[in-house]
Structure formats: C-alpha cells, structure tokens
Amino acid sequence: MSVVTSDQSAARRFGLGQAGAVCAALVLLLCLMVADLITGPAGLPLADVLRGLADGPAGEDRRLAVILWNLRMPQTIMAALVGCTLGIAGLMMQTILNNPLASPYTLGFSAAAGFGAALVILFGSALPVAMWIGVPLAAFAATLIAAALVYLVARYRGASPEMLVLAGIAVLFLFQSLQSLLQFMAAPEVLQQIVFWLFGSLLKASWTSVKVLCVILVVTLPFILREVWNLTSLRLGDGNAASLGLNVESLRRRVLVLVALLTAGAVSFTGTIGFVGLIAPHVGRSLVGEDHRFGLPMAGIMGAVVLVAASVIGKAISPGAVIPVGIITAIAGIPMLLAIILLKGRR
C-alpha cells in the first residue's frame, strides 16, 4: 500500500513539474510578445505600450493606438498563433512518423502552399478575386491537395511511417519543381513578389488573418485533444499501441488531416516559415517528456516563443526594413538542427 502511495505521490509531483514548465514557458512567451510590441520602426517605450494596452484601440492617443493596435498587435498575435500551430503540427507529425527530423514540411505541405500562392501572384490579374483573398485561399487549397496526395499514396500502400515519408518527399519535390517553373515564367516584378512571399513574413498579418487562424485552431482543437492518449500510446511503438487496441493506420490518417489543416492555416497568410515545426517539438519534449497532455501545449508554446523571438530579432537587426521571420528561423534553425542530430547520435 505504501509503495502504491509513494508511486502516486511521485507521479503527482512529476505532473506538477510538467505543468510548472508549461506555465513558465507561457510567461516567457508573454514577455517576448511585449518585447515585440516595443520594437519596430517607430520605437515605443515600455510605459507607452502598457498605457496603449490599457487604453485599448479607442485610446485618446490616436498615434499610439494606430501603431499598437492596427499595425503591431496583429503581427505579434499572428506570430504567436502561427508558431503555436506549427509547433503542435510538428509534434504530431514526429509522433506518427516516429522520426525526430519530421515536420509538416517533410510532407511537402509548405512547398504546396508556396506553389498555390505563386500561381495566384503570377496569374492573379485574370482571377475574379482580389489578391489579398486569392493568395491565402490558393495556398490553403494547395496544401490540402498535397495532403490528399500523400493520403492517397498512404492508403494505397499502407499508412506506414516509411511510406508516408516517401510520399511526402515525392510531393515536396513535385511542388518545389512547380514553384521553380512559375518563377522562371514570371516577370522580374512578379518574381520579386513571389520570392518575398516564400521568405515568410508577418508584414501581411491583419486582424482578418488572425481571426481566420483562430477559427482553424478552435475547430481542430477538439479533434487534437481526442487523440492525446492515442499519440502518447504511439510513442511506445506500433506493436505496443496496437496491443492496446489502437488502430495505428487510422490514427496516422486522422492526424495527417489535422496536420494539413493546421499547416495550411499557418502558412497561407505568412508564407513559408521553416524549422519552427521541427525545433519546437524537440524543445517541448526535452522539458516535459513524452506525455502529449503536456507535450502538445508545450510544443505549441515553444513554437510561438521561437517565432515571436525571431520577429524581435528581425526588428532589432534592421528596424527600418524588417527582416522576414522566415529568414531568421532558417538561420537560427540550422545550428539547432545540428545540435539535435548530435544529441540523438550520442543517445
């Protein structure tokens, strides 16, 4: 009896430690979001930012209200939402593929979004919709098409991790080749627009895009929560998960659809942002372990931390011409990826 009580007490302390780590990461994220609001072309002191937040969008200081609520706040919130979305999608992808180097980009979803956006940028003048609507819609639709291609291959050959990775690599090269073809066909001024979108930038963020991504997160969240225990069980291996009554292939297909929706919503407004969905899950697991009850929120928070920090760094390096966050995450992600490879190799 005392042994059981001791085990329960240890498990409770471990759970409290995990919850404490999630709360500490959330505090770090909030601090970075405030720092992101402070930095920018028109530097704002911390006191002015706090006053502007307290006064709200209808504050008496109209210059402060416009800069804070119309320009910076949507970008900061979008950075947090996109980072959170990619972090959660990355953890689920690494779990179903049992591959530490997997991310939504492994399956070509980001390349598909880039192709969809480039297609509208190149031929948008012939479409009956405005560019600011057509580009994200095309990116979203192309991402879902890529997911459908991967799903069909996996369904035909069996949804094993190896088959999903191979199908994803094929889709990745397909859409990257199509991207290159469109860039070759584009005029110089159109090519510049395409390349800027592919860089990944928060400058396109607005309250409309924030609301759309919030809706996607709210819609997918119940389905993600339903798979928490299944994903945790899958970390024990396919055989052990199947012995617990889990249909592993069906789980992989369901999670693949969720990852496609999350990735499509994240990249359709901001463009290609790499390494967040790869790095955040590893950081999250190192802090809270393999239990997805804590791993999923931690991966989401760490993804938001990475992207908001990239936004702060980009503004600090070049306040006049903000460096796209996709460039910052790619540069910072390379040494982090090498560190992960070395640590995995030692283990």
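Predicted model: local features only at pLDDT ≥ 70, side-chain atom pairs only at ≥ 80, totals over all residues.

Q: Okay, how many cavities of 30 Å³ or more turn up?
A: There are 2 cavities of 30 Å³ or more.

Q: Which residues line the largest cavity?
A: Its lining is made of Gln75, Ser201, Leu202, Leu203, Ser311, Lys315, Val322, Ile323, Pro324 and Val325. By class, the lining of the largest cavity has 6 nonpolar, 3 polar and 1 charged residues.

Q: And what lines the second largest cavity?
A: There you find Gly52, Asp55, Gly56, Gly59, Glu60, Asp61, Leu64, Ala65 and Trp69. Helix H2 (46-55) and helix H3 (62-97) are the elements that give two or more residues to this lining. H3 gives the most, with 3 residues.

Q: How does the lining of the second largest cavity divide by class?
A: It splits into 3 nonpolar, 3 polar and 3 charged residues.

Q: Nice. Moving to open sites, how much space lies in the largest pocket?
A: The largest pocket contains about 460 Å³. It is lined by 21 residues, and those closest to its centre are Trp132, Ile133, Pro136, Ser268 and Phe269.

Q: Which helices supply at least two residues of that pocket's lining?
A: Helix H5 (131-157), helix H7 (188-199), helix H8 (207-226) and helix H11 (248-270) each do. H5 has the largest share of the lining of the largest pocket, at 7 residues.

Q: What's the class make-up there?
A: The lining of the largest pocket has 13 nonpolar residues, 7 polar and 1 charged.

Q: And the second largest pocket, what is its volume and which residues lie nearest its centre?
A: Its volume is about 310 Å³. Of the 16 residues that line the second largest pocket, Ser103, Tyr105, Thr106, Gly274 and Phe275 lie nearest its centre. The lining divides into 8 nonpolar and 8 polar residues, with no charged ones.

Q: Which helices supply at least two residues here?
A: Helix H4 (109-123), H6 and helix H14 (325-346) each supply at least two residues of that lining. The largest share, 3 residues, comes from H6.

Q: Why does glutamine 179 count as buried?
A: Its relative accessibility is 11%, and buried means under 20%, so glutamine 179 falls in that class.

Q: What is glutamine 179 in contact with, leaving aside neighbours within four places in sequence?
A: Its contacts are Ser110, Ala111, Gly114, Phe115 and Leu198.

Q: Let's go back to H3. How many residues does H3 have, and how far does H3 reach?
A: H3 has 36 residues and spans 51 Å from its first C-alpha to its last, close to the 52 Å expected at 1.5 Å a residue.

Q: Where does the kink in H3 lie?
A: The kink lies at arginine 72, shortly before proline 74, and is about 45°.

Q: Is H3 mostly covered or mostly exposed?
A: H3 is mostly covered, with 29 of its 36 residues buried.

Technical notes
Residues numbered from 1 in each chain as written. Heavy atoms only, no water. Buried < 20%, exposed > 50% of the residue type's maximum accessible area, 1.4 Å probe, protein only. Contact = heavy atoms within 4.5 Å. 1 Å grid on protein atoms, 1.4 Å probe; cavity = no way out; pocket = protein on both sides within 12 Å on 5 of 7 lines; lining within 4 Å. Points joined across faces, edges and corners; volume = space filled by probe spheres on them. Nonpolar A, V, L, I, M, F, W, Y, C, P; charged D, E, K, R; others polar. Helix = DSSP H or I, 4+ residues; strand = E, 2+ residues; numbered from the N terminus. Expected span 1.5 Å × (residues − 1). Bend = angle between axes of the 7 residues up to and from the residue.
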